[in-house]
Amino acid sequence: MHQSELFSKASREAPSDEVSVNAKLLSRAGFIDKLMAGAYSYLPLGLRVLKNIENIIRTEMNELGGQEVLLPSLQPKENWEATGRWKDPGREVMFQLKGRGDREYGLGWTHEEIVTPLAKKFISSYKDLPRAVYQIQTKFRDEPRAKSGLLRGREFIMKDLYSFHTDEQDLIKFYDKARVAYSRIFKSVGLNALQVEASGGAFSKYSHEFQVVTPAGEDIVIRCEVCDFAQNREISEVEGGGACPRCGKKVTAERAIEVGNIFQLKDRFSQAFRLTYKDETGKDHPVLMGCYGIGLTRVLGAVVEVHHDEHGIIWPEAVAPFQAHLIALQNVKSVRAGTDKAYGTLQKEGIEVLYDDRLESSAGEKLTDADLIGIPLRLVVSEKTIAAQSIEVKARAEKNTELIKFQDLGKYFKTRKKIYVE
RNA sequence: CGGGGUGUGGCCCAGUAGCCUAAGGCAUCUGCUUUGGGAGCAGAGGAUCGUGGGUGCGAAUCCCACCACCCCGACCA
C-alpha cells in the first residue's frame, strides 16, 4: 500500500473531545473517526487491525467446534417478551423502535432470544448435541454513558458464541475448553488477560470475565499476588490489601478492562423457549446452554491502552495493520529507486507493507508518523543507507537499528524471529 | 439521571465588561527553496461564531430555551 494513496492522514493533534489514550492515538494516526458518542468509523488502517483480531478469534472458535452464523440485528419484540427482557433489564440497554403499522423492534444487544428459538428448529435429540454457533457482528446498546473511546460504545463489534448441551457435565467441559481458547486469543492479540470470577448479571450465576489490568479500565479486579485467585470487586468478599481466601497471601485491587466474558446459562433460555431434547429413552430434557462473548472493538482499544509510548502506538505483530513500514526518507532519485526496489522485494515475499512514498513530506514528518502509526517494523531507505547498499531496520518497540544489505532483505524476513510485544 | 466543563473554517485554538475587517497555527492550493525527527519564504482559497428565540443603534460576546460533546458519579452481558 502506498501511503500517498491512503484514505486517512495522520494528524498532529487529537480531537479536542477525546480524552482516552486509545481514542486519541487511534484518531491521530487515522485508524478511527468518531461520528457521535459511542459510535466510530473504522478507517482502512483500523479495519485491518480489526480483521486481524477477528481472524484470530475465528480460528479459535472454529477450533472449539463453533460454526459461524450471522443472526439479524433487527429483532421482533415478541422474542424478547418471551424472556421478560423487553422490559427490564433489556429496556435499559436496548434500542427499541417502531416500524410500519407500529410493529415494534429492537436492535440486538445480545442474541439468546434469537439463537435459542433458532436452535429449536434443529435440535431435538441427544444425537443433535452438543452444538455451538457463533457470530461476529455489530451490537447495539443504549449505554447511559458511552465513554473512553472504543472501550464503551453504543455500537460495537462483538463475537458471541452459544453452546448447547445435554447435561451440566458436558456444558462445563465445553466451558473449560472455551476458557482455554479465550486465554490463547488474548495472548495472541498481545493482551495479558486475567481470568476473573464474576457475577453473571442478567445472564447467569456462573461466569468468568477476562480482564486486562490497566489504569484505563473501569472495572476493579481483586487478585492475589501469589496464586491465581482473581475476582471482580462487585462480587468479592475481600478488599484490596486483604488476605487471599485461597492461599492467605495479600490481594491487590487494580483497574482493568473487561475484554471477554463467558457464562453458563444452563436452562435459563431453553426453558423460556422450551428448547428440549429427547434422551435414549424418549424422555424430554431442557437443553443446557452457555454463552461466550468478546468485544472486538474493545479489544482493539485495550491493545492501544496497553501498547503505546509517548510517540504513538506499538502494535503487537499479530494484529498490526501492516507488518512493515517502508520509508523513502528523502525524495531524491537514488533513494526512490532503492525504496521502490525494496517494496517490490517485500511484495514478492508476501510481506504486508505500508510504503511511505509521500513526495511532499519531510524526513521528520515521515519518521514521526511512523512512530504514531506504530507498525512493528520500520524500514528506512535514505541517502546514507543507499551509500552502504543497505536498508535500515528498526523495531517500533526497540531503540536500536541495524543495517541490512538490499540483497538480504527477502532472506531477513524469512529467517527473522517474530517480535512479540508483551 | 445528578454534578462539573466545553462548543469559533476540515483540525487545534485566540477573541467574551457589546464595536464595525473574527486573529493565529495545522491541513489544503500555487510558486521557489528544502529533506535523519512534524522545514523556509511568498501568495491564495476556506467561517450561517452549536441551534432557536430575546434585549440593544449594534451580539461570537448579554438573557432564555434547546442540542451536541467530554469528565466524575449512578448504571453497565
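View 1. Helix α10, which spans residues 363–373, lies across β19, β20 and β21 and runs at about 175° to β19. The model shown in this and every other view is predicted.

**View 2. The open sheet of five strands.** The strands of this open sheet follow the order β20-β19-β21-β22-β23, and their pairing is mixed. The edges are formed by β20 (353–356) and β23, each of which pairs on one side only, and from one strand to the next the twist averages 25°. The parallel part of the pairing includes β19 (residues 324–328) with β21, a pair held over five bridges, in which L326 has L379 of β21 as its bridge partner. In a regular strand, side chains alternate between the two faces of the sheet.

**View 3. Antiparallel pairing around β22.** Strand β21 (residues 377–381) runs antiparallel to β22 (residues 390–395), and four bridges join the two; within this pairing, V380 has E392 of β22 as its bridge partner. Strand β22 is also joined by five bridges to β23 (residues 401–405), again in the antiparallel sense, and here S390 stands opposite K405 of β23. The two strands β22 and β23 form a hairpin, with five residues between them.

**View 4. The crossing of α1 and α8.** Two packed helices are described by the angle between their axes and the distance between the axes. For helix α1 (residues 21–28) and helix α8 (residues 296–306), the axes come within 8 Å and cross at roughly 95°, which means that α1 is roughly perpendicular to α8. On the α1 side the contact is made by V21, N22, L25 and L26, and on the α8 side by G301, V304 and E305. Sorted by class, the residues of this contact are four nonpolar, two polar and one charged.

View 5. Most residues other than glycine have a negative phi, and most peptide bonds are trans. The peptide bond that joins L129 and P130 is cis, with omega at about -5°, and P130 is found in the loop between α5 (112–120) and β7 (131–140). S148, although not a glycine, has a positive phi of about 60°, and its place is in the loop between β7 and β8 (155–165). Because S148 has 22 C-beta neighbours inside 10 Å, S148 counts as buried, the cut-off for that class being 20 or more. R274 is likewise not a glycine and has a positive phi of about 50°; R274 sits in the loop between α7 (268–273) and β14 (276–278). With 13 C-beta neighbours inside 10 Å, R274 counts as partly exposed.

**View 6. The two domains of chain A.** Chain A is divided into domain 1 (15–309) and domain 2 (322–415), and the C-alpha centres of these domains lie 40 Å apart. Of the 422 residues in chain A, 42% are buried. Among contacts with a separation of 6 or more, 69% are between residues 24 or more positions apart.

Terms used: Residues numbered from 1 in each chain as written. Chains lettered and ligands numbered in written order. Predicted model: local features only at pLDDT ≥ 70, side-chain atom pairs only at ≥ 80, totals over all residues. Buried ≥ 20, exposed ≤ 12 C-beta atoms within 10 Å, placed from the backbone. Contact = placed C-beta atoms within 7 Å. Pairing = 2+ DSSP bridges. Domains from an automatic or database assignment. Axes fitted to C-alpha atoms, helices over the stretch in contact; angles between N-to-C directions. Parallel < 35°, antiparallel > 145°, perpendicular 65-115°, else oblique. Nonpolar A, V, L, I, M, F, W, Y, C, P; charged D, E, K, R; others polar.
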